Amino acid sequence: MPRPDAGLVVRVAVAAAVVAALPWIVPSFLVFDLIYVGAYAIAILGLVILTGMNGQISLGHGAFMALGGYVVAILAHSLGWPYWAGVLLAAVASGLAGLFIGLVALRLAGVYLALATFSLAVATPSFLKHYKSITGGFGGMSLAPVQAPPGVPLDGQHWLYYVTWAVAGALFLISALLVRGKFGRALRALRDNPIAAVSFGVNPYFYKTLAFGWSAVLAGISGGFLAIPTAFVSPDTFTSALSITLLIGAVLGGISTFWGALVGGIVIEFLPLVAQQVNAAAPSVVYGVALILVMMFLPDGIVGGVLRSIHRLRRAPPQPALDTPTPSSTTPITVSPQPRE
Amino acid sequence: MESLLQQVFSGIANGGIYACMALALVMIYQSTHHINFAQGEMAMFSTFVAWQLAQMGLPLWLAFLATVAISFGGGVLLERIVIRPVERANQLTVVIVSLGLFIAFNGLAGLFWGYIVKSFPTPFPTTPLQIGGVAFSAQDVGVIVVSVVTLGLISLFFQKTKLGLAMRAAALYPEQSRVLGIRVGWMLALGWGLAAAVGAISGIMIAPIVFLDPNMMQSVIVYAFAAAVLGGIESPIGAVVGGLVLGVVINLLGTYVDWIGNELRLAAALAIIVVVLVVRPAGLFGRVTVQRV
Amino acid sequence: MTSSVRKAAIGLFAAVFALAVTGSTIAPVAAADPGVSDTEIVLGGTHPYSGPASAYGNIGKGIAAYFSYVNDHGGVNGRKIKYIDKDDGYSPPQAVQLVHQMVEQDHVFAIFDTLGTAVNTALRPYLNQNGVPHLFVATGASTWGHDYQKFPWTIGWQPDYQAEAILYAQDILQNHPKAKIGVLYQNDDYGEDYNNGFKRGLGSHGNMIAKMASYETSDPSVGSQIATLKASGADTLMIFATPKFAIQAMVLAAQQSWHPTIYLNNVANAIPYMQAAAKAGGQAAVNGVITTYYLKDPANHARYGGDAGVKLYNEIMTKYLPSADKDDGNYLYGVSIAYTMVDVLKRAGKDLTRKKVMDIATNLVEKDNPLVYPGVVIRTSPKFRYPITQMIAAKWLGTDWSPTGVLVDTRSTTMAEK
C-alpha cells in the first residue's frame, strides 16, 4: 500500500483537532446539531463511494438508513439492547440488504437504476407502517436518551458527539483504506470505461455489488446515529425526501471526494436553517434557489470548487489525482443508458 | 363482476392520469436525455396559472391555450437560464438543479396561491356516466383521450418531422449533431419548452379530478416516473401503456390481494416494475441496447 | 513536508486532545425561569412551512398575528411576547433539533402549539425531562390528555379525534339505527385514532360497519376505495380524511351514483372545500353531509358576518397579514389557540413561572375565546386535560352549514377512556 502523503495526514489531523475542540467553543445546542452532521456525513460517504467513484446512482439510501435506525430502535426499545450492539447489528443488516439490492442493481443503469432505488425509498414508510407490531407503526418508538458511561466526565450529549465522530472517523479511515488500493481503482475503472475494465480482468459483479453493500453499511450506521440523538423513530423520519437530501448533500459537497461527504453533511444539516433565516415565509424557495445557484457556480460541489481554485492559484497543471474531478471530464457519471452502436 | 369492472375502470382512470404526466417525462427525456424531477411541479405551477387566468375572467379554452403557450415559453427560458450553464457538467449536477427547481416551484406556488384545496373548472359535463353498471366521469374519459391524442402528436413529431429528428439527434449525439449544423443548444431549449407544454396540458386535465393545491402533483409524479420507466423511458407509447397498466395493476392488487391491502399497493407496484426492469432493462417498449458490462 | 511543520501539527493535535479529555461540560447558567424578563416573554414553536404539510404553516402565522395584536395593545401584564416560530418540515428529527435550540440558546419560557403527532411524540420526553411547558399542541391525538401522568408538562387543546368520532357514532345510532356503514380513513395515526373512537362509539353495534377502506396520502385519488365501499352495500359513509381526499370522496361517490348519508370529520368541513366538492360533483355530492364544529368558520360570511369575534379576527388579519386569504380556517385556529395562550399568561400575573403557568393551564375555565363556537368553554382540571370537548353537529343544506341540535359535551365519553 502506498505511503499516505504527508499533506493529507496534516489535513486529517487538523480536522480531528477541530472536531475534538468544537464542543468547548460552540454553544451546546450546536453540539447537538453537529451530531447530526456526523451521522449524515457517514451516509453521504456511502454515496461518494457508490455514485461518485463507481457511477451507480442511488436515490434510495434513505431506505438503508431506515433499516439501520429501526434495527437500533427495535433492539433498544423492545429488547433492551445497548446502542452499540444495535448499531453493529444495523451495520450487518444493512450490509446484507445492500448486497441484495446491489445484485438486483447489476441489471440496471442510469435512469432505470435511479427509479428502482427511488422505489425503495418511496416504499419504505409503507413497510414501516405495515409491520406495526415490530415497528410501532405510525406512532413510532421512543428511545432512552444517551448517558455517558460511569467515570467519563461528560454529559450524555457531549459523549454522543464524540462517539458519533469517532465512529465517523473510523469509517472514513476504513473506507479510505478500502479504496486506496485495487478496490478503488476497480470501482473507478468500472465507472469510466466498463469494457476496458472487464478486458483487464476486473470482475464487475463483485466490485459493483460490494460497493453497494459497503455504502449500505454506512447508511445503516448513519440511520442508527440519526435515531439515537432524536430518541425517536417513526415512518415520517425516513420518507423518500431523506434519500433525495442525501444525494443533494453529496453533490453539493463534492461527490468525488471524501471531504465532500463531510461538507455535504454540514450542508444538509444547516442549509434548511439558513434558508429560514433568509425568508421565514417561504424557506423552500430559498433552499431551491440556493441549490440551483451552487450548482451553477460550483458544478463539482463545494470541495470540487475549492480544489479547482487551489489548482488555479498554484498555476500548476491540475494533477489528475485519482479522486479529483478534472474540469474537462465528460460526464463521468452516466445517468442515461448508452446509445445503441 | 360489476365491482371488478368498476375497479378496473377506476384503475384505467387513475392510469390515464399517470400516462398524461409520464408523456411529459418521456418528452423531456427524449429531447434532452435528462431526468427532470421538476416536471410535476412545473405542471402544477402551470395549472395554477390557468386557474388564475380563469379566475380573472378568461373563458376556459382561452385560459388553456394561453397557459400552454406561457408554459412553453417558460420551459424554454428555464433551459436557457438555469440548465444551460450546467449542461456540460456532470449529469448529477443537472439532477440537483432539477431538484432545486422542484423545491422552489413548490414553495412559490404555496406562496402565491396558498394551500387551500381548490376545484378546477372542467370543460366536460359533470353528470356521471354509466355503461353496464360501471360508473365514470366524462373527465376520466377526457384524460385518456387527451393522453392518446398527445401521444399521437408527440410520436408524429419525433418520428416524422425534421425538427423532431434533429431534437433526438441533439440529445443522443450532441457533438456529431453540431458538426451537422444542428443548433444543439436551441434543440434542448425547445425540448424543455415542449415538455413544459405537455406538462401544462397534463396538469389542466388532472386537476379537476385530484383538485388543485401545491402538492397536487407529488403523488402523481412517482407513479408517472414508474409508468415512464416501465414503458421504456424513450417511448411515448410505453408511457401511455405503462400508465394504464400501472393504474389497473395497483387497483386490483390493492383491492383483491389482502396482504397487500391499500398500504402496500404502491410498494407492490414498484416491486413489479423493478422485476420487469430486471428482465427487460429498457422497459416494455424501450430499445434494447447492446448489453454492456 | 518539513519536520517542524509536522511537529507543530502533532503538538496542536495533542494539546487540543488533552483539553478535550480533561475539560468538563460548560454548565448552562441556571436562571430563575428562562424566557421571562421585565419586558418580554419568549415563546417558541415549530410548524411545517415546507414539505407536504405546509398548509398548516398558516396556523403559526395566525398565532404570530395575534401576538402582534396583543403586543400593540399593552402586551401581557406589561410584557411583550417574543415568538420564535421555525420550519420543521413535519420531520421529527428537525423539530427536535430546533426545539433544543429554542430551549438551550433562545431560552424560551415555553414551547407552544407544535404541530403533528409524530413531531410532538418526539418532543415530549425532552421537554418533560427539562421541565419546559409543552403547551396546547396542535393535534387531536388522544395521548396528550391520556398520558398526562407520564408527561405532566404536555397538554393538548383541540377536541381529540376519538371524542369527535364517538359523536358521529352516536348520531348514527340515534338517527340511522339500521345503517350499514362504510368508513374511508387516512392510513396513519390520525385515521387510527378516529377509527378507535368510532368503534368505541358504536359499542356493541360494531357490526354496523360493513367495510373499511384506507388510503395513503401518496394516493392521487380515492376512486378505488369509494368503489369498494359502494360495493359493500353500505348506505352510510364515514369520512375520516384530510380536505383534498374528503372532497374527492364526496365527488366520486356522486359520480359513481352512490348517495349514502355522509358524515365528515371537521378537519375537512371548511366552506371552501364544500364549495369545491359541489362544483365538481354537483349539489348531490354535498347535500345533507353531516359534520361537527368547535370553531367559527371564517368563510361563513352569512352566519358570522356580524359576529364580534370574527370581526376581530378579520381586523387582525387585515392589519398583520394583509395578503393572506382570510377564509383559510388555519389562520383562525392560530388566533384562537393564541388567545388561550395569552389568557393563561395573563392569569399568571406579574410573577411568571413555568410551574404557575402549568397549574393555570390545568385548572382553566375560559369562556370568552372569541373564535370558538358560541357556548364552547375551554375547561381543564388536573385530572382531565382535554381543554376543548364540546362540539355541535351541523348539516350542509344548500350553501352552508346549519347547526343541528345542541352543543354536545364529550367529556363523559372521554373520561370513560381511562
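Reader: How many residues of helix α10 in chain C are buried?
Author: In this predicted model, 9 of the 11 residues of α10 (271-281) in chain C are buried, which leaves the helix mostly covered.

Reader: Which ones are they?
Author: The buried residues of α10(C) are C:Ile271, C:Pro272, C:Tyr273 and C:Met274, then C:Ala276, C:Ala277 and C:Ala278, and finally C:Ala280 and C:Gly281.

Reader: And what do the buried residues of α10(C) pack against?
Author: Their partners are α9, β8, α11 (283-286), β12 (390-397) and β13 (400-409), each in chain C.

Reader: What follows α10(C)?
Author: C:Gly282 follows the helix, and its phi is positive, near 85°.

Reader: Staying with phi, what is the value for C:Phe136, which is not a glycine?
Author: C:Phe136 has a positive phi of about 50°. The residue sits in the loop of chain C that runs between β4 (134-135) and α5 (143-146).

Reader: Is C:Phe136 buried or exposed?
Author: Its relative accessible area is 0%, so C:Phe136 is buried.

Reader: What about C:Ser257, where is that?
Author: C:Ser257 lies in a loop of chain C, between α9 (243-255) and β8 (261-264). Its phi is also a positive value in a residue other than glycine, near 55°. C:Ser257 counts as partly exposed, with 31% relative accessibility.

Reader: Back to β13 of chain C. Which residues does C:Asp400 touch, apart from those up to four places away in sequence?
Author: C:Asp400, which is in strand β13 of chain C, touches C:Ile271, C:Asn300, C:Ala302, C:Arg303 and C:Lys395. C:Ile271 is one of the buried residues of α10(C).

Reader: Why does C:Asp400 count as buried?
Author: Its relative accessibility is 14%, and buried means under 20%.

Reader: How far is C:Asp400 from C:Val365?
Author: Their C-alpha atoms are separated by 31 Å, and the two residues are 35 apart along the chain.

Reader: Where does C:Thr362 sit?
Author: C:Thr362 is in the loop between α15 (354-361) and β10 (365-366) of chain C. Its relative accessible area is 4%, so C:Thr362 is buried.

Reader: What is C:Thr362 in contact with, leaving aside neighbours within four places?
Author: The contacts of C:Thr362 are C:Ile155, C:Thr380, C:Ser381, C:Pro382 and C:Arg385.

Reader: Zooming out, how many helices and strands does chain C have?
Author: Chain C has 16 helices and 13 strands. Its radius of gyration is 24 Å, close to the 22 Å that the globule rule gives for 418 residues, so chain C is as compact as a globular protein of that length. The C-alpha atoms fill a box of roughly 85 × 55 × 45 Å along the principal axes.

Reader: And how much of chain C counts as buried?
Author: Of its 418 residues, 63% do. The chain exposes about 15100 Å², with carbon and sulfur atoms supplying 55% of that area.

Reader: Now chain A. How many helices and strands there?
Author: Chain A has 14 helices and 2 strands. For its 341 residues the globule rule gives 20 Å, and the radius of gyration is 20 Å, so chain A is as compact as a globular protein of that length. Of those residues, 57% count as buried.

Reader: At what angle do α3 and α11 of chain A pack?
Author: The angle between α3 (61-79) and α11 (240-253) is about 115°, and the axes are 7 Å apart. α3(A) passes α11(A) in a right-handed crossing.

Reader: Which residues meet there?
Author: A:His61, A:Gly62, A:Ala63 and A:Met65 of α3(A) meet A:Leu242, A:Ser243 and A:Leu246 of α11(A). The residues of this contact divide into 4 nonpolar and 3 polar, with no charged ones.

Reader: Last one, chain B. Which residues is B:Val274 in contact with, leaving aside neighbours within four places?
Author: B:Val274 is in contact with A:Val104 and A:Ala116. B:Val274 is in helix α11 (265-279) of chain B and counts as buried at 17% relative accessibility.

Notes: Residues are numbered from 1 along each chain as its sequence is written. Chains are lettered from A and ligands numbered from 1 in the order in which they are written. This is a predicted model: local features need pLDDT of at least 70, side-chain atom pairs count only at pLDDT 80 or more; totals for chains, interfaces and linings use all residues. Side-chain values use heavy atoms; hydrogens and water are left out. Axes are lines fitted to C-alpha atoms, for helices over the stretch in contact, and angles run from 0 to 180 degrees between N-to-C directions. Helices (H or I, at least four residues) and strands (E, at least two) are DSSP runs, numbered from the N terminus. A crossing is left-handed if the near helix is turned anticlockwise from the far one by less than a right angle, and right-handed if clockwise. Contact means heavy atoms within 4.5 Å. Ala, Val, Leu, Ile, Met, Phe, Trp, Tyr, Cys and Pro count as nonpolar, Asp, Glu, Lys and Arg as charged, and the others, Gly among them, as polar. The radius of gyration is taken over C-alpha atoms; the globule rule is 2.2 Å times the number of residues to the power 0.38. Buried means under 20% relative accessible area, exposed over 50%, partly exposed in between (1.4 Å probe, protein chains only). Accessible areas come from the Shrake-Rupley method with a 1.4 Å probe; for residues, only the protein chains shown count as cover.
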